[in-house]
Amino acid sequence: MNLRTGATRSSLLIVILLLSCSYYVGPRQELEKESNVFIPYVQDIPESDAKIKMVPVPGGTFMMGSPETEAGRNDNEGPQRLVKVDSFWMGAYELSWDQYDPFLEEKEPNRQNVKILVDGKEIEVDAISTATPMYMDMSFGMGRGGFPAVNMTQYAAIMYAKWLFAKTGVFYLLPTEAEWEYACRAGTNSAYNFGENSKDLDKYAWFKENSGQAYRKVGTKEPNSLGLYDMHGNVAEWTMDQYLEDYHEQLEGNPSNNPYFKPTTLYPRSVRGGSWMDDGSGLRCASRAASSKKWKQRDPQMPKSLWWLTDAPFVGFRLVRPKETPTREEMEKYWIEVMEDF
């Protein structure tokens, strides 16, 4: 079962139990008190001053991919297919170093037997691991305070979401390709979420022509109509999916319901949005990219690090949260299955 399609509508009280570890028990979000509240909110990151702004993305149906007539189109963007996604929250900004550093600085790198209580039943979130130390400056000197976190593997991005779940009791994960494109488009059918004209990119995106060969602080360009910043450019963003060249051809149903292609191999995984290194065509809503072993080519470790990339200062991520809280069984199944991918 796709995690995003099997959620219940009951209001779930989730708290962290301090059993064999010392995870902070934070105050509950007000919106958690009612399952039908779907508004923007700010997620505190316990034991830090960092916060994550989350904005609602109402579910719906959209045409995924690009038409053959779209300038800059690649073959992996079609044929266009009708896709349905459920409602979710998405981070208004790409995750910054300020938000990622508390995870990196966790005092106990391996936390076992973290238990979360959902409707009076325990969920065990095992093996909460934090990243191994950096062996080089992963920001490449481009900046940290307010700048997007980069050079982490998809595994590291997923483990951050798992860590934040254990810290807060709020279920976070990475978006699927379908969710990401749906949120990027924000109800539009054009090449960009502001229209067709790439000459307008400077107002909305950091990319090859205006970035000065470096990423920039998050949220310094105009957002789309949902209030999501940097969906075009600045840094590309990890999704949950295996990268499939024929993604659209493998979609089932009309519309395809919450599609997700569970990874079965480490390479390639799907990345979206384009970055400060890309030209305008790579920033289009439908543009797709694949991870590569080359992103670790200067990694001195053998085997290569699970956590860090040495050659991908253009890749970061943002979080999503399903509107309907998954059941205990679905959460447990999700964490078991996602760890199998690595």
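A residue is counted as buried when its relative accessible area is under 20%, and as exposed when that value is over 50%, with partly exposed in between. By this rule Glu177 is buried, because its relative accessibility is 0%. The structure examined here is a predicted model.

Side chains of opposite charge can pair when their charged atoms come close. A search of the whole structure finds 20 salt bridges. One of them joins the side chains of Arg288 and Glu177, with a distance of 2.9 Å from N to O. Arg288 belongs to strand β14 (residues 288-290) and Glu177 to helix α3, so this pair ties together parts that lie 111 residues apart in sequence. Arg288 is also buried, with a relative accessible area of 6%.

The pair belongs to a network: salt bridges that share partners join Glu177, Glu181, Arg185, Arg272 and Arg288. Arg185 is located in helix α3, which covers residues 177-185. The relative accessible area of Arg185 is 3%, so this residue is buried. When neighbours within four places in sequence are left aside, Arg185 is in contact with Phe62, Met63, Gly65, Ser190, Asn193, Cys285 and Ala286.

Salt bridges also involve partly exposed residues. The side chains of Lys84 and Asp86 meet in a salt bridge of 3.0 Å, taken from N to O. Lys84 is partly exposed at 31% relative accessibility, and Asp86 is partly exposed with a relative accessible area of 24%. A further salt bridge is formed by Arg328 with Glu329, where the closest N and O atoms are 2.8 Å apart. Glu329 has a relative accessible area of 44% and is therefore partly exposed.

How values were computed:
Residues numbered from 1 in each chain as written. Predicted model: local features only at pLDDT ≥ 70, side-chain atom pairs only at ≥ 80, totals over all residues. Heavy atoms only, no water. Helix = DSSP H or I, 4+ residues; strand = E, 2+ residues; numbered from the N terminus. Buried < 20%, exposed > 50% of the residue type's maximum accessible area, 1.4 Å probe, protein only. Contact = heavy atoms within 4.5 Å. Salt bridge = Lys/Arg side-chain N within 4 Å of Asp/Glu carboxyl O.
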